[in-house]
Structures are given as structure tokens and as C-alpha cells.
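Q: Please take a close look at how one pair of elements in this model packs, and then follow the chain on from there.
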Amino acid sequence: MLRDNLIMLRNIRGLSQEEIAEKIGISRQAYAKWESGKTVPDIEKCSLLADFYGVTIDSLMKTAKVEGRNMVPAPKGKNVWGSVIINERGQIVIPKAARDHFGLMEGARLILMSDDDEGFALIPAEIFEAKLAALSQFASMK
């Protein structure tokens with residue numbers, strides 16, 4: 001899992017093993033051994049790798065699967081909860097793990113926002129309204 005994630009993250013960045021090794025202060029050979037699975041980095045090096053790639057150590061070490069496919073380790077604070085299906089009434093069910101993570105209960109209000117090119121997002125209404133109020137207050141300070 002770690003080796004697959006290291007290869008995937010390095011390729012996404014378009015960097016060589018040597019460039020990554022230089023950034024975290026090790027030899028290219030040491031990094032190559034991690035990618036081949038011959039050795040694994042110590043916890044300090046895992047921390048440096050996670051910081052460099054912008055992921056958690058946990059997501060660096062594990063490969064998340066969604067619908068049977070390996071997923072790219074998510075950046076810190078970002079999550080992949082799986083897919084949802086829209087039913088005939090246009091309703092979706094948010095996965096339980098996501099509901100638990102955000103404390104969403106029956107009757108929770110969510111704001112639906114969208115970008116024509118990238119899709120849409122759901123934001124808890126309380127967070128959206130608080131940010132909107134702060135923005136309004138800031139705008140009125142002129």
C-alpha cells in the first residue's frame with residue numbers, strides 16, 4: 001500500500017525519485033527501495049513524506065478503496081466517502097461515515113452550491129450563514 005501510494009503521489013506531481021529524495025533529505029536509492037517495497041521509511045521520514053505530499057501519515061500508509069478501486073490518498077482534511085445514487089425523487093443518501101463525521105442528523109439543513117464546470121458541494125447551513133454574516137460585517141466596515 002505505501003509503495004503504491006508513493007509511486008502514485010510522485011507521478012501525480014511529475015517528479016523523479018531523485019527530486020523527492022532531495023526534498024526530504026535522503027538518497028535516491030533509499031526512496032527507490034520504499035517504492036519497490038524492499039524497505040519502509042521510519043516514522044520521521046513518513047512524516048516528512050506526508051507533509052511534502054500534503055496528506056496524513058495514515059492516508060500515506062493505507063490505500064482507500066471506493067467501489068473496488070484504489071483511490072489517491074486524500075489531502076489533509078479532505079475525504080472520499082464513496083459515491084451516492086440519486087433516486088427517482090432526486091434524493092441522495094449521504095454515507096453514514098460522512099454523516100457521523102460531520103454530526104449530521106435528520107432535519108439538518110445543508111446549502112447546495114455549484115460551479116458549472118466542477119459540480120456541486122453541500123455545506124452545513126450554519127457554517128455558510130456564519131461566513132456570510134462575517135463577510136457582510138467586513139463589507140460594512142468601509
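At what angle do helix α1 and helix α4 pack, and how far apart are their axes?

A: This is a predicted model, in which local features need pLDDT of at least 70 and side-chain atom pairs count only at pLDDT 80 or more, whereas totals for chains, interfaces and linings use all residues. Residues are numbered from 1 along each chain as its sequence is written, and side-chain values use heavy atoms, without hydrogens and water.

Helix α1, residues 2–13, packs against helix α4, residues 43–53, at an angle of about 35°, and their axes are 11 Å apart (lines fitted to C-alpha atoms over the stretch in contact, with angles from 0 to 180 degrees between N-to-C directions; helices are DSSP runs of H or I with at least four residues, strands runs of E with at least two). The crossing is left-handed, that is, the near helix is turned anticlockwise from the far one by less than a right angle. On the α1 side the contact (heavy atoms within 4.5 Å) is made by L6, L9, R10 and R13, and on the α4 side by L49, F52 and Y53. Five residues of this contact are nonpolar, none is polar and two are charged, where Ala, Val, Leu, Ile, Met, Phe, Trp, Tyr, Cys and Pro count as nonpolar, Asp, Glu, Lys and Arg as charged, and the others, Gly among them, as polar.

A hairpin of three residues leads from β3 to β4. Within this pair, L110 stands opposite P124 of β4, while M113 stands opposite A121 of β4.

Strand β4 also belongs to the lining of the largest pocket, where β4 supplies four residues, the largest share. Both α6 (96–102) and β4 (119–124) give at least two residues to that lining, which divides into 13 nonpolar, four polar and one charged.

Methods. Two strands pair if DSSP finds at least two bridges between them.
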